[in-house]
Amino acid sequence: MEICKVIGHVWATKKESTLSGLKLMVVRRDTGAEDGVLVAADIVGAGIGERVLVVSGSTARKAFGRDDIAVDAAIVGIIDSVEAEGIN
Amino acid sequence: MEICKVIGHVWATKKESTLSGLKLMVVRRDTGAEDGVLVAADIVGAGIGERVLVVSGSTARKAFGRDDIAVDAAIVGIIDSVEAEGIN
Amino acid sequence: MEICKVIGHVWATKKESTLSGLKLMVVRRDTGAEDGVLVAADIVGAGIGERVLVVSGSTARKAFGRDDIAVDAAIVGIIDSVEAEGIN
Amino acid sequence: MEICKVIGHVWATKKESTLSGLKLMVVRRDTGAEDGVLVAADIVGAGIGERVLVVSGSTARKAFGRDDIAVDAAIVGIIDSVEAEGIN
Amino acid sequence: MEICKVIGHVWATKKESTLSGLKLMVVRRDTGAEDGVLVAADIVGAGIGERVLVVSGSTARKAFGRDDIAVDAAIVGIIDSVEAEGIN
């Protein structure tokens, strides 16, 4: 999993049918060393500015409990705190 | 998913049979921080210049609803708008 | 597998149900050349400061012996020693 | 898929049995921004100097129509032309 | 597959049970452009200093002929020679 920060939303009217009704959030990797923005489907009710755990690849589909969904990144946890050297 | 911009097309006459009839588009990651060009199979009717959502890996096959297709990147949504800090 | 060093913990009260009870540790790639921090679920009882082997992607789920878990990185070994040129 | 250029061959006498008989080619990512060399198994009869489409990960196995093959990159198309801004 | 050079060994007494008995080798990407060290399970009897083919992800499990193993990188061939522009 990656530690990310939720920074916004994406809207897409025209999309693959399995994406209907999903909350698609823009997240930024937030561990100092790495950089990069991706779009993750939220399953835990995360809000803008929160730090979250993001899974990628086939695991993102598993997080939805179904294997046919067109999702390759998912927010699976809202981080309460991180206690680690070099991470604020 | 990654936020990409459609920048062109690829043509390949000689190709693996499951790719026949697919629209193969050239997309560029479009989130400021990252860089890189890839080829994604389009399933939502995207056009040049549009911002799109791209899934990668095994999820690209799922987006086509079949697991035997030789595709590892797919355009699954046309972005109407992005509202996120640092993304224009 | 990647050689990582355990540098801390992550706490998340609100999370996908399959993550309940897992020990989520913050690890840093530790091979000199690469950089980067990720969160991995521990299955071998690793402690802060230890060098560990981390698997990613679908293999992380296999390490838990179940395929429905929302985990894409797992600590699968505690390294006793590394004998390799350029790695201390 | 990635746009690559075929730059050579690899020979390996001692190898995992499912690789026997495969044509293993050295390809270089060829989109300007990215860099990197990988070895891909060819299924379309590509030659040195040609531009090709390369799939990675589990999709490479699917391209061979069997899931037990020890291949994680495959050449699935020979590119006739690319029409995209910034790609020559 | 990636062209890597075997540079050492890793020992881990405490590890996930499916890793027991595997030879875990430290390899370095060896194609000039890229950098990075990883640990790969050897299935072809590779030795220190040899150039090898390494597969990653789910394909590493396939190379072992079983899907339940906690391995995400495997040495699947010992390279006799590489004939490619820019690779020595």
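1. The area buried between chain C and chain A is about 2300 Å², and carbon and sulfur atoms give 54% of it. Buried area here is the accessible area (1.4 Å probe) that two parts lose on being put together, summed over both. Trp11(C), Lys14(C) and Asp72(C) supply 25% of the area that chain C buries against chain A, more than any other three residues. The model is predicted: local features need pLDDT of at least 70, side-chain atom pairs count only at pLDDT 80 or more, and totals for chains, interfaces and linings use all residues. Residues are numbered from 1 along each chain as its sequence is written, chains are lettered from A and ligands numbered from 1 in the order in which they are written, and side-chain values use heavy atoms, with hydrogens and water left out.

2. The contact takes 30 residues from chain C and 28 residues from chain A, where contact means heavy atoms within 4.5 Å. There is one salt bridge between chain C and chain A, a term for a side-chain nitrogen of Lys or Arg within 4 Å of a carboxyl oxygen of Asp or Glu. The side chains of Lys62(A) and Asp67(C) meet in a salt bridge, at 2.9 Å from N to O.

3. Strand 1 of chain C gives the largest share of the side that touches chain A, namely five residues. That side of chain C divides into 14 nonpolar, six polar and 10 charged residues. In this division Ala, Val, Leu, Ile, Met, Phe, Trp, Tyr, Cys and Pro count as nonpolar, Asp, Glu, Lys and Arg as charged, and the others, Gly among them, as polar.

4. Strand 6 (residues 73-78) of chain A and strand 2 of chain C pair in the antiparallel sense over two bridges. Within this pairing, Gly77(A) has Lys15(C) as its bridge partner. Helices (H or I, at least four residues) and strands (E, at least two) are DSSP runs, numbered from the N terminus, and two strands pair if DSSP finds at least two bridges between them.

5. The interface of chain E and chain D may be described next. Here 28 residues of chain E are in contact with 30 residues of chain D. The side chains of Lys62(E) and Asp67(D) meet in a salt bridge (2.9 Å, N to O). Strand 1 (residues 2-11) of chain D also pairs with strand 7 of chain E, in the antiparallel sense, over four bridges, and Trp11(D) has Ser81(E) as its bridge partner.

6. Which residues of chain D stand opposite each other across its strands? Lys5(D) stands opposite Arg51(D) in strand 5, and Ser56(D) stands opposite Ala73(D) in strand 6. Strand 5 of chain D is joined by four bridges to strand 1 and by five bridges to strand 6 (residues 73-78), antiparallel in each case. Five of the six residues of strand 5 (residues 51-56) of chain D are buried, so this strand is largely enclosed by the rest of the structure. Buried means under 20% relative accessible area, exposed over 50%, and partly exposed in between (1.4 Å probe, protein chains only).

7. Ser58(B) lies in helix 1 (residues 58-63) of chain B and is buried, with a relative accessible area of 15%. Leaving aside its neighbours within four places in sequence, Ser58(B) is in contact with Ser58(A), Arg61(A) and Ser58(D).

8. No contact joins chain A and chain D, whose closest C-alpha atoms lie 11 Å apart.
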